[in-house]
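Biologist: I would like to learn how to read a protein model, one feature at a time. Could you walk me through this one?

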Amino acid sequence: MKFTAGFAINSLFCFCVGRLSGARLGTTVLGLCVAFAYAETDVRIENVISSPRGTFRIEQEGKRDNKGNWATTFWINPGTDPNQRVRLDETFNEPDDWHFFISPDEQWICTTVHEHSQLQSLRLYQRKTGLQFDRVATMDEEEEGDRWHFDKDDRFAPEGRGQEAYETGRVYNHFVAWSSDSARLLVERRSQLEAKKDGKNLWRRHYFYFNLRRGKLEHTQYLSTLNRAFRHYDSEQKKDVAVPSSFAEPLDALPPEKELRDRYDAAERRLKKVYPAYLTQADDEIQNPNEKRDRLRDQQLWLKARESGAESFAAMGSKAERPRRKLLYLADTTDNLARELEEYLAERARYDEENKKAGGESQ
């Protein structure tokens, strides 16, 4: 029996550059998955994640053939009637290498897939009719497929196609955030560069959007600033660098200031409610006695990153709209973190319950 916290909570507070070792780099911002122990059967069904509005959930169903090999199919299940479930995708790889992120409007599913030690790809699915989701895009350095492209007029786009100069071929595509209007998906591409003279690795970080309404990759002034600041970093550097937390710019017009203030206040209350439970849960992590201390430290880093990110994003707007831009950033990042922690604790509670049942049945 095992509990797998697919996303690293540390990275949700902030991307702490100094703490990203080569071993952790491929699993920094991932989905949430819990695996339970089962009796020896040829079929295993596990819940992966529920949609933001509770309309459906994603399940994985593993089947074993007569040779003992497992294949996993992912399903969209409405919950009210399991017979109405719709297939999403299938894998013969480890299902724990797949992590899912559902947009706020429940019209999109982003999946990161750890293909192998050198590559993490990203897949995007769009809702069509009912619960049918079709794959519409792939970010995979080894597959052309239906990959999206930057506009030709995007002056911040990388030149050429494929591997960039000085890259070693080790590339990880990460989900970062949905915009609150579900119009943009923020992605981070991390690529390893040739080693320095001292043998230590450098990594290139590149942030870009999927504009879901236009079906194009794009950059904005905010992202170009982010890319300039963190284009290269040393994976072994000792100093923590707090990259602004998970935030994607919406395409819709800014809401009124009161609405944004109310959203931010609600998100703060939500976070203050869930965070103590998250710290309490850390007391039970006997594998790492310093877990609670680390979580408190990461919270402080996240708060600093959130404030600096909000100030930077606000400064890029007109004087009249700066207060609303700051509130938008604060509301979205705070709400995103609260939701992630709620999902983590809910899955942890399910795991504990299943563990308790399994222990009782074995006696």
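**Reading the model step by step**

Modeller: Let's begin with a strand: in β10 (residues 167–178), 10 of the 12 residues are buried, so the strand is mostly covered. Buried means under 20% relative accessible area, exposed means over 50%, and partly exposed lies in between, using a 1.4 Å probe and protein chains only. Helices (H or I, at least four residues) and strands (E, at least two) are DSSP runs, numbered from the N terminus. This is a predicted model, in which local features need pLDDT of at least 70 and side-chain atom pairs count only at pLDDT 80 or more, while totals for chains, interfaces and linings use all residues. Residues are numbered from 1 along each chain as its sequence is written, and side-chain values use heavy atoms, leaving out hydrogens and water.

Biologist: What are the mean pLDDT of the protein chain and the share of residues that reach 70 or more?

Modeller: First, pLDDT is the predictor's confidence in each residue, from 0 to 100. Where pLDDT is low, the predicted coordinates should not be read in detail. Here the mean for the protein chain is 78, and 73% of its residues reach 70 or more. Residues 1–39 have pLDDT below 50, with 136 contacts in the model beyond near neighbours in sequence. Residues 235–242 are also below 50, and that stretch has 23 such contacts. A contact means heavy atoms within 4.5 Å.

Biologist: How many helices and strands does the protein chain have?

Modeller: The secondary structure comes to six helices and 15 strands. Of the 363 residues in the chain, 50% are buried.

Biologist: Which strands pair with β10, and in which sense, parallel or antiparallel?

Modeller: In general, strands of a sheet pair through backbone hydrogen bonds, either parallel or antiparallel. Two strands count as paired if DSSP finds at least two bridges between them. Strand β8 (residues 119–127) pairs with β10 in the parallel sense over two bridges, and Gln120 stands opposite Tyr172 in β10. Strand β11 (residues 184–193) pairs with β10 in the antiparallel sense over eight bridges. There, Phe175 stands opposite Val187 in β11.

Biologist: Which residue takes a positive phi in the hairpin of β10 and β11?

Modeller: The general idea is that most residues other than glycine have a negative phi. In this hairpin, with five residues between the strands, Ser182 takes a positive phi near 60 degrees. Ser182 is buried, with a relative accessible area of 5%. Glu106 is another non-glycine residue with a positive phi, near 65 degrees. Glu106 is found in the loop between β6 (98–102) and β7 (108–116), and it is buried at 2% relative accessible area.

Biologist: What is the strand order in the open sheet of four strands?

Modeller: The order is β2-β3-β4-β5, with antiparallel pairing. The edge strands are β2 (43–50) and β5 (86–91); each has a single partner strand, so one side of each is left without a neighbour in the sheet. Strand β4 (residues 70–77) and β5 pair over five bridges, and Trp75 stands opposite Arg87 in β5. The charged end of Arg85 sits over the ring of Trp75, 3.9 Å from its centre. A charge sits over a ring if NZ of Lys or CZ of Arg is within 6 Å of the ring centre and within 35 degrees of the ring normal.

Biologist: How many aromatic pairs does the structure hold?

Modeller: A pair of aromatic rings is described by the distance of the centres and the angle of the planes. Rings of Phe, Tyr and Trp (its six-membered ring) pair if their centres lie within 6.5 Å; planes under 30 degrees apart count as stacked, over 60 as edge-to-face and the rest as tilted. The structure holds 15 such pairs. One of them joins Phe247 and Tyr329: centres 4.5 Å apart and planes at 45 degrees, so the pair is tilted. Phe247 lies in the loop between β15 (242–243) and α4 (257–282) and Tyr329 in helix α6, so the pair ties together parts 82 residues apart in sequence. Phe247 and Tyr329 are both buried.

Biologist: Which residues form a cluster through ring pairs?

Modeller: Tyr222, Phe247, Phe313 and Tyr329 do. The charged end of Arg325 sits over the ring of Phe313, 3.9 Å from its centre.

Biologist: Is Ala331 buried or exposed?

Modeller: Ala331, in helix α6 (residues 322–362), is buried, with a relative accessible area of 3%. Leaving aside neighbours within four places in sequence, Ala331 is in contact with Leu260, Arg263, Tyr264 and Ala267.
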